[in-house]
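Okay, everyone, let's get going.

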Amino acid sequence: VCVCVCLRMSTRDSRNKEKQNKLHQMILQRMLQDSENKVCADCGTKGPRWASWNLGIFLCIRCSGIHRSIGVHITKVRSVNLDTWAPNWIQSMQQWGNKRAAEQWEAHLPSGYVRPVNDNGQMEMFIRDKYERQRYVRRPTDPPLSPPVYTSLTPQPEAKPKKEKKKSSRKSSATKPGEAMLLDFSQPVQGPPKNAQVFGQPVQKVTTSTPSPKPANPFDAVNTPQSNSSGDLLDLFSP
């Protein structure tokens with residue numbers, strides 16, 4: 001019994017984790033649809049598939065490697081679609097995004113600055129100046145940051161297809177093969193309808209004659225000659 005319970009709990013937990021990870025992927029994919037998040041936050045390369053979840057930015061594969069070399073005390077890198085994301089990582093990404101993070105970390109970046117895209121060494125120096133040394137970070141006297149725009153994202157589960165209701169079919173009165181047919185004697189027997197035919201011939205209506213009532217005395221039914229009672233009495237007294 002204990003083994004069955006443990007197996008059920010582990011199966012349920014794995015399903016919940018899979019469902020949660022699927023919802024997190026929906027949020028990340030929705031954020032990647034914005035133009036600011038379609039490019040790397042550091043070098044501007046299109047199609048970033050990595051992210052620093054504590055900084056809330058999307059990165060290309062080269063800049064993600066530089067972030068890893070800086071250390072997890074500065075930046076924490078994860079793959080957008082290969083890693084399993086925790087809820088607090090998703091919340092951090094929703095708080096920032098590339099545009100709002102640039103307001104924080106590039107507030108004092110010189111105007112017209114050309115990013116060293118083709119030089120890996122210069123690119124690593126730029127990233128370290130940006131996050132580790134915080135050379136361009138926003139100051140308390142600067143204008144306030146714009147409000148986060150992704151906190152209202154709530155993942156919607158996939159709509160389940162509606163199940164068609166089965167139409168209730170009435171039970172046919174025909175008996176199944178091998179099943180005896182029961183007769184109902186609770187109702188009076190009805191005669192055949194008018195003009196009914198049996199084997200192509202019309203049914204003739206049979207009339208039955210009512211029998212005459214029987215006499216009370218059976219000897220009355222014997223045919224005896226009837227005599228005049230008055231004449232019989234006169235014969236007795238005649239000479």
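Quick housekeeping. This is a predicted model, where local features need pLDDT of at least 70 and side-chain atom pairs count only at pLDDT 80 or more, while totals for chains, interfaces and linings use all residues. Residues are numbered from 1 along each chain as its sequence is written, and side-chain values use heavy atoms, with hydrogens and water left out.

Back to Asn 98. Is it buried or exposed? It's buried, because its relative accessibility is 6%; buried is under 20% relative accessible area, exposed is over 50%, and partly exposed is in between, with a 1.4 Å probe and protein chains only. Its contacts (heavy atoms within 4.5 Å), not counting residues up to four places away in sequence, include Val 39, Cys 40, Gly 56 and Ile 57.

Asn 98 sits in helix α4, and α4 covers residues 98-105. Helices here are DSSP runs of H or I, at least four residues, and strands are E runs of at least two, numbered from the N terminus. The buried residues of α4 are Asn 98, Arg 100, Ala 101, Gln 104 and Trp 105. Looking down the helix axis, they fall within an arc of 165°, so they line one face; the arc is taken over the directions from the axis to the C-beta atoms. Among what covers them are β2, α3 and α5.

For the record, a salt bridge is a side-chain nitrogen of Lys or Arg within 4 Å of a carboxyl oxygen of Asp or Glu, and for charge, Lys and Arg are positive, Asp and Glu negative, with His and the chain ends not counted. What Arg 100 does have is a polar side-chain atom 2.8 Å from the backbone oxygen of Gln 95.

Where do charges pair up, then? There are eight salt bridges in the structure. One of them joins Glu 106 and Lys 130, at 2.5 Å N to O. Glu 106 is in the loop between α4 and α5 and Lys 130 is in α5, so the pair ties together parts 24 residues apart in sequence.

Arg 128 is buried at 18%, whereas Glu 132 is partly exposed at 34%.

Last bit, the overall fold. The chain has six helices and five strands, and 25% of its 239 residues count as buried. Of contacts between residues at least 6 apart in sequence, 63% join residues at least 24 apart. Okay, over to you.

Conventions:
A polar contact is a pair of N or O atoms within 3.5 Å; within protein, one must be able to donate a hydrogen and the other to accept it, and residues adjacent in sequence count only if both atoms are side-chain atoms.
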